[in-house]
Amino acid sequence: MVDAEEPVKKAGDMIIDYIDNRGYLTVRLEQLYNKDRGDFTVDDLKRALELVQKLDPPGVGART
């Protein structure tokens with residue numbers, strides 16, 4: 001649904017898994033990064049979070 005590179009999409013999928021019922025991201029991005037997997041980087045996570053935060057409803061993916 002979002003136009004992004006594959007690593008950013010994978011990072012976005014992981015971010016969405018950690019959004020609670022109120023729409024808040026429940027972990028720090030650094031906690032989602034696993035250098036051994038190599039699917040995406042911390043920068044990919046940051047870009048993905050920016051995209052997730054543009055989705056509806058407004059405020060989804062907020063950290064506080």
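A salt bridge is a side-chain nitrogen of Lys or Arg within 4 Å of a carboxyl oxygen of Asp or Glu. Glu30 and Arg28 make one here, with their closest N and O atoms 3.8 Å apart. Keep in mind that you're looking at a predicted model, where local features need pLDDT of at least 70, side-chain atom pairs count only at pLDDT 80 or more, and totals for chains, interfaces and linings use all residues. Residues are numbered from 1 along each chain as its sequence is written, and side-chain values use heavy atoms, with hydrogens and water left out.

Let's start with the helices. Helices are DSSP runs of H or I with at least four residues, numbered from the N terminus. Helix α1 takes in residues 6-17, so 12 residues, and spans 17 Å from its first C-alpha to its last, close to the 16 Å expected at 1.5 Å a residue (the expected span is 1.5 Å times one less than the number of residues).

Which residues of α1 are buried? They are Val8, Ala11, Gly12, Met14 and Ile15. These residues cover an arc of only 165 degrees around the axis, which puts them on the same side of α1 (the arc is that of the directions from the helix axis to the C-beta atoms). Here, buried means under 20% relative accessible area, exposed means over 50%, and partly exposed is in between, using a 1.4 Å probe and protein chains only. On the face turned away from the buried side of α1 you'll find the exposed residues Asp13 and Asp17. The cover over the buried residues of α1 includes α2 (29-32) and α3 (42-52).

Now hop over to α3. Its buried residues are Asp44, Leu45, Ala48, Leu49 and Val52. Viewed down the axis of α3, they fall within an arc of 135 degrees, so they line one face of the helix. Those buried residues pack against α1 and α2.

What do these helices build between them? In soluble globular proteins, nonpolar side chains tend to be buried together. A nonpolar core is a set of buried Ala, Val, Leu, Ile, Met, Phe, Trp, Tyr and Cys residues joined through side-chain atoms within 4.5 Å. The largest one in this model has 15 residues, and those with the most contacts inside it are Ile15, Ile19, Leu25, Leu29, Leu32 and Leu45. The elements giving two or more residues to this core are α1, α2 and α3. Take Ile15: leaving out residues up to four places away in sequence, Ile15 touches Leu25, Leu29, Leu32, Leu45, Ala48, Leu49 and Val52 (contact means heavy atoms within 4.5 Å).

Asp44 sits in helix α3 and counts as buried because its relative accessible area is 6%. Beyond its neighbours within four places in sequence, Asp44 is in contact with Pro7, Val8 and Ala11. Asp44 also forms a salt bridge with Arg47, the closest N and O atoms being 2.6 Å apart. The two lie three residues apart in α3, about one turn of the helix. Arg47 is partly exposed, at 39% relative accessibility.

How many salt bridges does the structure hold? There are three. Arg22 is exposed at 65% relative accessibility, while Asp20 is partly exposed at 23%. As for the pair we opened with, Glu30 is partly exposed at 45% and Arg28 is exposed at 54%.
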